[in-house]
Amino acid sequence: MARQRLYPLADLEDIPGTKVFTAKRSREAYHLHKFCMSLMKAENRDEFRADESAYLDKFNMTPEQKQGVLDRDLNKLIELGGNMYFLVKLASTDGLSAQKAVSTTSGMSADEYAQMMLEGGRSPEGIRSIRDKN
Amino acid sequence: MARITAGIATSHVPAIGAAIDLGKTQDPYWKPVFDGYEYVKEWAKDNTPDVVILFYNDHASALMLDIVPTFAMGFADSFQSADEGWGRRPVPVVHNHVDLAAHIAEQLVIDEFDITLINDMDVDHGCTVPLSLVFGQPEEWPCKVIPFAVNVSQFPTPSGERCWKLGEAIRNAVKTFPEDLNVQVWGTGGMSHQLHGSRAGLINEEWDQRFLDLLANDPDELIPITRLEYLRETGTEGIELIMWLAMRGALGYGVEEKHRFYRVPASNTAVGNVVYEAKSKE
């Protein structure tokens with residue numbers, strides 16, 4: 001007999017402002033992520049920088065995903081299935097630190113975000129659960 | 001016989017690797033982090049193992065896209081540092097202990113861990129940053145390393161309890177390897193951090209400190225923590241801490257805590273480092 005789940009799977013969607021990277025999201029973003037991982041080669045980074053749209057057209061991404069890349073809209077890309085470990089390769093190609101890349105998804109400026117981290121980071125109080133508001 | 005003598009846990013923040021590679025360890029931002037690692041660097045000089053079994057997660061460098069193994073052991077002779085988008089880190093090639101890895105693979109299957117073996121991969125900051133933090137910047141790493149990748153990024157990930165049992169199974173496997181080897185087990189990643197969205201930058205020091213308090217002598221209290229609790233309390237990437245449980249599970253019951261360090265922040269992350277020596281040296 002199958003073991004019981006310790007919590008409903010739906011609870012993974014109950015964390016405020018958080019997209020847990022599931023197998024389903026991975027599938028949605030497969031071609032976006034294929035593009036991101038292509039940036040692990042210097043010659044591909046050069047080719048992408050030279051003509052971003054032409055380079056993106058080599059990948060079977062959705063138009064929304066392509067636009068998200070062109071706009072460097074990481075939140076949009078996460079909404080479309082993206083995961084930060086892939087997306088950070090795009091940020092690295094742009095010469096952005098991981099902290100700056102992450103800050104662009106937080107609704108804060110890079111400086112505000114960096115200052116928050118220096119002051120001990122973001123408290124978990126009130127942002128553990130949408131349902132329980134704790 | 002081979003024996004597990006000690007365990008290290010450490011965060012593996014990529015910016016720490018960049019700070020080392022760019023000579024910024026004494027900058028005001030970084031100095032407090034690297035000061036916390038002086039102990040383990042000194043300790044490692046007197047306690048250099050023959051082999052490190054290094055639990056880490058691949059960050060979409062070799063895995064996560066086409067193949068997503070839950071538990072995967074590096075089986076190549078050697079592993080280069082990955083180009084994660086800004087060039088390869090200038091660190092030595094990681095050399096495997098293939099005979100021990102093969103033995104562990106055999107024993108793990110007997111223990112019902114049907115392990116994936118990887119014959120060709122680069123290792124990313126998850127593996128190389130801990131090596132730099134402990135061994136500094138040598139020409140060659142002073143020991144063999146078996147990279148052991150755990151999927152902590154794409155759900156379903158394994159549970160903390162499963163990682164603990166993996167550690168126990170690896171302990172049993174090492175103990176039955178006939179060659180006389182001094183083996184350390186390292187758990188890497190964590191502590192609390194989240195890398196996206198309106199919760200980005202989440203740090204839960206109280207939770208992290210409790211984890212550190214219990215890991216050495218009361219790990220039984222940590223084993224049942226659900227994946228959901230890691231996500232809620234420590235952020236989506238804080239779940240990397242399940243790899244610390246794999247390390248602790250591999251050390252057996254009694255450990256002596258030689259060192260503990262905790263610091264916020266390094267980039268987006270709460271940094272933790274512990275050094276444990278196994279009381280039973282068998």
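Before starting, I wrote down that a residue is buried if 20 or more other C-beta atoms lie within 10 Å of its own, and exposed if 12 or fewer do. I also noted that this is a predicted model.

Entry on the helix. I looked up α5 of chain A, residues 63-71, and found that Gln65(A), Gly68(A) and Val69(A) are buried there. Seen down the axis of α5(A), these buried residues fall within an arc of 100°, so they line one face of the helix. I reminded myself that an α-helix has 3.6 residues a turn, so residues three or four places apart point the same way. On the other side of α5(A) I found Pro63(A), Leu70(A) and Asp71(A), which are exposed. What covers the buried residues of α5(A)? The cover includes α2 (30-38), α4 (52-56), α6 (74-79) and α7 (84-93), which also belong to chain A. Just after α5(A), I noted that Arg72(A) takes a positive phi of about 55°.

Entry on the core. The largest nonpolar core has 117 residues, and those with the most contacts inside it are Leu54(B), Met243(B), Ala246(B) and Met247(B).

Entry on the contact between chains. I read that 37 residues from chain B and 46 residues from chain A take part. On the side of chain B that touches chain A, the largest share, 4 residues, comes from α8(B). By class, that side of chain B has 17 nonpolar, 14 polar and 6 charged residues.

How values were computed: Residues numbered from 1 in each chain as written. Chains lettered and ligands numbered in written order. Predicted model: local features only at pLDDT ≥ 70, side-chain atom pairs only at ≥ 80, totals over all residues. Contact = placed C-beta atoms within 7 Å. Helix = DSSP H or I, 4+ residues; strand = E, 2+ residues; numbered from the N terminus. Nonpolar A, V, L, I, M, F, W, Y, C, P; charged D, E, K, R; others polar. Core = buried A, V, L, I, M, F, W, Y, C linked by C-beta atoms within 7 Å. Arc of directions from axis to C-beta.
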